[in-house]
Amino acid sequence: MESFFSASERGRNNKEFRNFTGNAAVQKWGQKMSLLEVSDLRISLRTHDDAVRAVRGVSFSLEPKETLAIVGESGSGKSMTVKGIMKLLPKTGRIESGKIVLDGRDITRCSERRMRRLNGSEISMIFQDPMTSLNPTMTVGKQIMEVLREHEKMSRPAMKARTLELLGLVGISYPEKRFSQYPHQLSGGMRQRVVIAMALACNPKVLVADEPTTALDVTIQAQILDLMKSLQSRISTSIILITHNLGVVANIADKVAVMYGGKIVESGTVEEIFYGAQHPYTLGLIASIPKIHGGSAELKAIPGTPPDLTDPPKGCPFAPRCEKAMKVCRLIPPEDTRITATHRSACWLQHPLARRAAGKEGNHE
Amino acid sequence: MQGMELTEDLFVPAEAGAGEREKIARPTRSGFQDAWIRLKRNKGAVVALVLLLALVVLAFLGPSFTRFDYYTTDYGAIFQPPNAVHWFGTDKFGRDEWSRVWYGTRISLLIAVVAAALDLLVGVTYGSVSALLGGMADAVMQRVIEVLIGIPNLIIVILLMMVMPAGIGTLIIAMSISGWANMARLVRAEILKLKNQEFVLAARLLGTPDRRIILRHLIPNTMGVIVINTMFTIPSAIFTEAFLSFIGIGLQEPKASLGVLINSGFQVINSHVFLLFVPAAVIVLIMVCFSILGDGLRDAFDPQMRT
Amino acid sequence: MKKYILKRIVYLLVTLLVIMTATFFLMHSLPGTPFDEDKISRLSAEQQRQIYAAYGLDQPVYIQYFKYLANVFRGDFGTSTLYSGQPVAGILAARIVPSALVGIQAVLAGLAVGLILGVVAAYRHNTPLDYLTMVISVLGISVPNFVVAALLQYFFGLKWRLLPVAYWESYASSILPSLALSFGVIAQIARFVRTEMLTVLQQDYILTAKAKGLSPAKILVRHALRNSLLPVITILGAITVNVLTGSLAVESIYGVPGIGSLFVDTIKANDYSTILGLTVFYSAFYVVVILIIDILYCVIDPRIRLAPAKE
């Protein structure tokens with residue numbers, strides 16, 4: 001009779017298994033260090049009377065040149081997680097506990113001043129709406145040069161040259177003309193390219209993209225994603241892509257982490273998630289992708305609404321909406337089940353005890 | 001987390017709590033209820049409201065607290081500073097200042113409220129008609145408003161005051177004539193904005209008759225703007241009346257309003273400053289309360305400021 | 001954009017015409033004459049007729065109207081009855097300087113203080129400094145300018161004897177009136193800048209700037225300020241109105257020989273020509289200021305100046 005715990009202990013000892021625990025124990029065993037390692041991160045937003053537990057124990061890692069997609073609905077905590085990493089949380093936000101290690105350095109509790117030196121140069125972020133992400137009263141060129149001015153020691157002509165080079169790199173034609181234009185003079189797709197240029201100006205090791213294509217037309221979306229993919233190989237950046245759109249994920253991600261109710265409920269490689277998803281929420285997401293070929297005429301949605309994180313549910317956050325919920329699901333938060341070295345799912349259904357109960361039922365039929 | 005033991009019997013399907021999925025976390029509230037609750041949370045606004053009500057009560061009942069009235073003269077007791085008999089002192093004719101101040105407040109408030117009401121009536125009608133008619137009629141009506149707004153209010157008021165026989169009625173009419181343009185503009189803008197919103201389209205698609213759309217959808221949503229604007233029109237009217245009376249163009253002795261009283265006090269600023277301080281304090285208090293209340297209302301009605 | 005300016009100029013002229021016409025006919029519908037009744041009645045009928053003719057009051061109203069318009073274009077506003085015989089235009093010209101001095105000082109000082117207060121309040125949102133600014137702002141807006149003027153006169157002039165209050169003697173005589181007028185300006189601007197700045201600080205591009213690693217100081221100066229101060233131009237119109245109307249009371253209180261006090265005196269004296277001239281002057285001034293502000297705003301905001309993109 002295997003106990004669950006010994007299996008996981010064995011998993012920890014296994015050197016193949018690297019990707020999804022943040023345990024310090026892993027480092028002790030001399031593993032190769034990931035570029036970015038997040039362990040058990042917990043973030044809350046405190047208002048007068050309430051505290052919203054936005055991120056409740058998130059762990060993941062990111063390797064060089066890798067693209068990780070974090071998928072989830074609004075309110076799942078995906079934006080807060082990355083904002084916490086970069087110390088861009090709102091005034092009410094606080095990292096309660098956990099560890100963030102960027103390129104070997106622990107930046108969990110580092111000062112804002114130190115973080116400012118990293119932001120824009122080692123790790124940068126682009127946001128959803130390019131129209132509002134750019135200062136409307138400053139020319140595009142100046143905004144890009146601002147990053148260079150802040151982090152690099154370059155002469156003005158060198159900065160301008162670099163800016164023009166960047167504009168060309170992101171596929172903007174007539175860079176000299178665009179350099180002195182204002183954001184409202186550019187189209188939506190062009191603006192997002194500018195934003196990408198700004199983010200990549202100092203060759204950061206990590207690029208975080210928070211829903212970069214949500215505000216764009218579908219055709220432009222594809223262009224921007226292609227651009228990001230090609231830039232990634234050119235500049236050797238790792239990308240964390242946050243989205244609620246699985247279609248985008250399939251396009252460009254290597255790894256996927258699915259978030260719900262402030263936790264990662266399932267994570268794995270793109271193939272594992274799309275073809276071998278285990279968690280009911282992930283399955284629901286995949287099922288709700290409209291299929292052009294075949295399939296029924298009815299769109300499948302996941303009924304219900306996300307949980308209120310001021311008073312998070314005791315057990316699995318998805319339990320209230322899960323069709324396969326069991327008694328244990330509502331009582332105890334599920335532990336990670338390691339399905340393969342890279343594929344984990346936080347669901348009681350994968351627990352051996354669940355399979356046994358199902359097996360028993362099957363026998364009765 | 002490890003409080004419970006994992007036993008097999010936990011791993012059976014739970015009863016479907018279907019209601020739980022669609023559970024709405026907080027109770028629903030209507031627009032006005034919501035605004036009222038938010039207003040109550042704003043402590044400053046609540047204090048302002050209470051103070052204002054107190055002042056209004058005093059304006060009507062104040063003079064009856066003492067045995068003096070506002071017009072009886074007593075030449076033996078002129079220019080008395082505040083004392084136990086005359087709580088606010090007496091003026092140059094020996095009249096009780098307490099009664100005069102509250103009587104004056106009453107006059108100022110009445111003028112302001114009536115002017116604001118007229119302002120509202122004309123402005124809302126004009127604005128909504130303009131917005132609902134649309135097209136050419138709207139364009140013409142808009143031009144008229146724009147020209148009117150281009151003329152400084154005070155000039156209109158002063159000119160009208162000169163032409164019409166002096167008196168409270170004239171003052172009220174003059175102030176409303178110059179003031180309605182702003183309300184009309186706001187109401188029109190709000191209705192235009194609402195007219196084009198999707199819930200109106202939805203109502204139309206559902207077959208709701210126009211009359212119902214206006215009454216049930218457009219007007220209630222405009223109320224917010226109207227109420228807020230009125231909250232600012234009233235103090236503006238108080239100010240205008242006081243201003244005009246102060247420089248001698250509005251009401252004059254023997255009629256009493258806050259402006260007249262402040263002017264009288266100013267005349268004797270060298271010797272009997274209290275006659276200036278008291279009505280000044282009252283008018284400042286009123287204006288401040290309206291200002292805070294108006295701001296509070298504006299925040300309470302603003303859907304983007306939900307906590 | 002040029003079409004817009006042209007349109008605005010047309011409005012300006014139409015508004016002026018409406019004002020002049022309305023004022024003119026209002027004046028002439030007044031009962032009584034601008035002359036002192038019992039002095040006039042002592043003259044013979046012939047002399048009365050002569051006086052009337054001298055002031056052009058004997059002709060039918062519409063002729064007087066057109067004559068008036070023609071005169072205005074020539075810059076002739078007739079003669080004052082209060083200041084017997086002096087041309088209105090001349091009186092106006094002489095009194096502009098004190099009003100301008102007091103007014104401009106008030107606006108400039110108000111702008112400077114108001115801007116600083118507003119920015120600081122927004123930056124220290126929900127701290128005591130913010131509340132203090134809000135209090136100042138509410139007071140400044142609520143306390144009527146004539147009350148401020150009266151109180152200032154009492155404390156600074158009479159009680160503490162720091163500054164002159166009555167006559168127009170030296171530069172120092174302009175300090176208190178400007179101060180009195182500036183309170184309203186400070187209050188309005190501080191409140192407006194605070195609101196604008198708070199909105200700006202919530203914008204995405206501020207977050208982008210932080211993500212770029214910029215320090216709070218640089219973000220404030222390069223991104224926040226520019227975007228919040230631009231809209232201040234839009235309330236300059238309202239501020240101008242406040243200062244203009246406030247000057248009526250403030251100049252009377254402090255004995256400033258300016259246009260405001262002139263207006264008050266002539267209204268009380270029914271000096272038609274001067275009142276007309278002043279009305280036209282005030283309206284024209286206000287309308288021109290509004291026009292300048294609108295044009296300025298178009299020019300400064302790149303979103304309006306340069307046409308948006310074509311995809």
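Colleague: In what order do the 4 strands of the open sheet in chain A run?
Modeller: This is a predicted model, where local features need pLDDT of at least 70, side-chain atom pairs count only at pLDDT 80 or more, and totals for chains, interfaces and linings use all residues. Residues are numbered from 1 along each chain as its sequence is written, with chains lettered from A and ligands numbered from 1 in the order in which they are written. Strands here are DSSP runs of E, at least two residues, numbered from the N terminus, and two of them pair if DSSP finds at least two bridges between them. The pairing in this sheet is antiparallel, and the order is S2-S1-S4-S5 (chain A).

Colleague: Which are the edge strands?
Modeller: Look for strands that pair on one side only. In chain A those are S2 (51-62) and S5 (105-106).

Colleague: Which residue of S5(A) stands opposite Val101(A)?
Modeller: S4 (residues 93-102) of chain A and S5(A) pair in the antiparallel sense over 2 bridges. Opposite Val101(A) you'll find Asp106(A).

Colleague: Which element gives the most to the side of chain C that touches chain A?
Modeller: Counting a contact as C-beta atoms, placed from the backbone, within 7 Å, 21 residues of chain C are in contact with 27 residues of chain A. Helices (DSSP runs of H or I, at least four residues) giving two or more residues to that side are H9 (204-211), H10 (216-229) and H14 (302-305) of chain C. With 6 residues, the top contributor is H9(C).

Notes:
Two residues are in contact if their C-beta atoms, placed from the backbone, lie within 7 Å.
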